Structures are given as C-alpha cells and as structure tokens.
Amino acid sequence: MTAAEQALARLGVDAGAALPTPYVELDRGTWSRLREEHPMSLTQDDIARLRGLGDRLDLREVEDVYLPLSRLLHFYVEAVHGLRLATSEFLGERPSRVPFVVGVAGSVAVGKSTTARILRELMSRWPHTPRVELVTTDGFLYPNEELERRGLLQRKGFPESYDRRALLRFVADVKSGMPVVEAPQYSHLTYDVLPEPAEVRKPDVLIIEGLNVLQPPGVRADGDGTSTVSDYFDFSVYVDAPVEDVRRWYVERFLRLRETAFADPQSYFHRYAELSDAEARETAASIWAAINEPNLVENIQPTRERATLVLSKGADHAVTHIRLRKI
C-alpha cells in the first residue's frame, strides 16, 4: 500500500472506490432549456463572421449552447462583483470594478477560437454594453528566432514554447486595473510574433484563449510553488472532443487552408499550397502525429478537469453535452 493509500485508509476512504465527480453533466436538450428568456443578440451574418474554418456553427448551436452559457456567465459576473464589494467593505477600502477573466482552452482544430469569439460577441451585447477584450496566447509564444535558439521550433504550442512570465504579468496587470496593458500579437500568415503589440484598456471582461491556459502551477527547484495564469480566471471553458475526431478536423482544415491562407505567397506555409490531396493529407497527418496529438494528450487534455465548464463535441463538431463544475 502506498503512502497516499495509507493516508486515505486512515481517513476511512476506500482508495479503489471512484471519487465523486465535481461536475453535473447535462445533455444538450436539458442545457438548452436553461437559456430561459436570455435574448438572442446575434444575426446569421454575425455567425458567418464568427465561424471558424470547418466549424459547425449556426443559429441553433448558438441558441442551444451559447445563450445558456451567456446567461450563466452573467450570473457569475454579478456574483463575483458582489463578492469583491463585500471584501472591499470588510477591508474599509473604496470598491473598484475588477475585470472578470474567462479562460478558453482546448486542442488545435477543436473550435476553441470560435467559442471565444462567440462569447466575446454575446457578452459585449449585454445590458450596459461591457467592454470585452479577447486575447489569444499565440502572441506570448517566443519568437521563432528564440524558439530556434532553444531548439523548440518543432515544439511550438507546447507549454515550454511560451513566455509564461510575460503572459502571467499581462493578466496580473489587467486584473489589477492598469489603464493600458500591451499584449503581443501573432501572425498566422508569417507564423511568428508581430513586432507591434495591441493595447488592452481596462476591460470589463477579458477572455484569454489558448492551448495551455489551464496548466497547473509548477514547482520551483527550491520546492516553492509558482503562479499560473489560471489563478486569475473567474471562469474557464474547455472545448473537448475525441482525439480521433480532432485529428480528422485538423486534416480537413489543412486541406482547406491550401486554397486560402497557404495560397498567399507571404504565407510561412506557402510551400504546401501546391500539394495534391493525397500529399496534403499525408503531410497534415504527419504534423498532427509529431506535434499536435502529443501536445494534446500530454499537456492539454490533462487540464480538462480544471475547467469550470466542459463543452463536449460530437463527430459533426456540434456540442452534444455539457459538464458544469458544481463543487
């Protein structure tokens, strides 16, 4: 018996028994009814603009999945604000509005960017029109030159390829109420960090979208724990799907990109534009197997249980059920 099992035994806990889940699981129909009267503020044109390459997104998906989530987030924002007011009153401080921070995580090609864009659009149309900013963690990747120096260019997207200190500092500065905070930007055309940052100006809501935003804290050599960006989240969403489905979506998206982004002579991936269908499928499958699937299985998927809410997708990209943390 291990030390952990012995400790559980002393507490009268059967180590072999399944632990109770901290989530309530809802099918799509049950979840959709939780929308109640939350208004639809998006049009078909909005949805076409927000839809990612290969994503299944229509008015029904927004009504069934994202309007209940928007309603839930509205409750969370007001509850968190009330808790902060109570804390300020207890401390005898002048209350101030602190940005509400939402994290959105998931694999490459699973649709997390679309989810983040929909949430930004819905939340920005709430009463009183809150200022909602969306920042992707791609901008916090080390520049290609630095990745090459560190031998990490082929591990782009893995946790070690990000400037995690810069990301942590950015979120802390926004959360602390700094009037202007710079966020580095990333170009998927040049596959590198851009020289000019964007400015984030005291948002009511900040959405942070990225592969590894739910990574747990690390431990330094001296044994002390480290901070992590998810420490600053008030709510987090993980977009989930079976690995085999995400692999297929990735390959299908790669085929579409040959005719769009890859066709641009300025694109880092322009060399793939002239591949035949068979060659493109083979290349995409190779990239997926070497980089994206190991990152998903080793680093991204294990963070799923840290999310407040998990959106689980079926083979057609539609959300089939939802898990909401209740404990």
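1. Helix H4 (residues 59–91) passes H5 (112–124) in a right-handed crossing, a term used when the near helix is turned clockwise from the far one by less than a right angle. The model is predicted, so that local features need pLDDT of at least 70 and side-chain atom pairs count only at pLDDT 80 or more, while totals for chains, interfaces and linings use all residues. Residues are numbered from 1 along each chain as its sequence is written, and side-chain values use heavy atoms, with hydrogens and water left out.

2. Nine of the residues in the contact of H4 with H5 are nonpolar, two are polar and none is charged.

3. Tyr 66 and Met 123 are also among the residues that touch the most other members of the largest nonpolar core, which has 85 residues; such a core joins buried nonpolar residues through side-chain atoms within 4.5 Å. H4 gives the most to this core, with nine residues.

4. Ser 107 lies in the loop between strand E2 (100–106) and helix H5, and is buried, with a relative accessible area of 3% (buried means under 20%, with a 1.4 Å probe and protein chains only).

Definitions and conventions
Helices (H or I, at least four residues) and strands (E, at least two) are DSSP runs, numbered from the N terminus. Buried means under 20% relative accessible area, exposed over 50%, partly exposed in between (1.4 Å probe, protein chains only). Axes are lines fitted to C-alpha atoms, for helices over the stretch in contact, and angles run from 0 to 180 degrees between N-to-C directions. Ala, Val, Leu, Ile, Met, Phe, Trp, Tyr, Cys and Pro count as nonpolar, Asp, Glu, Lys and Arg as charged, and the others, Gly among them, as polar.
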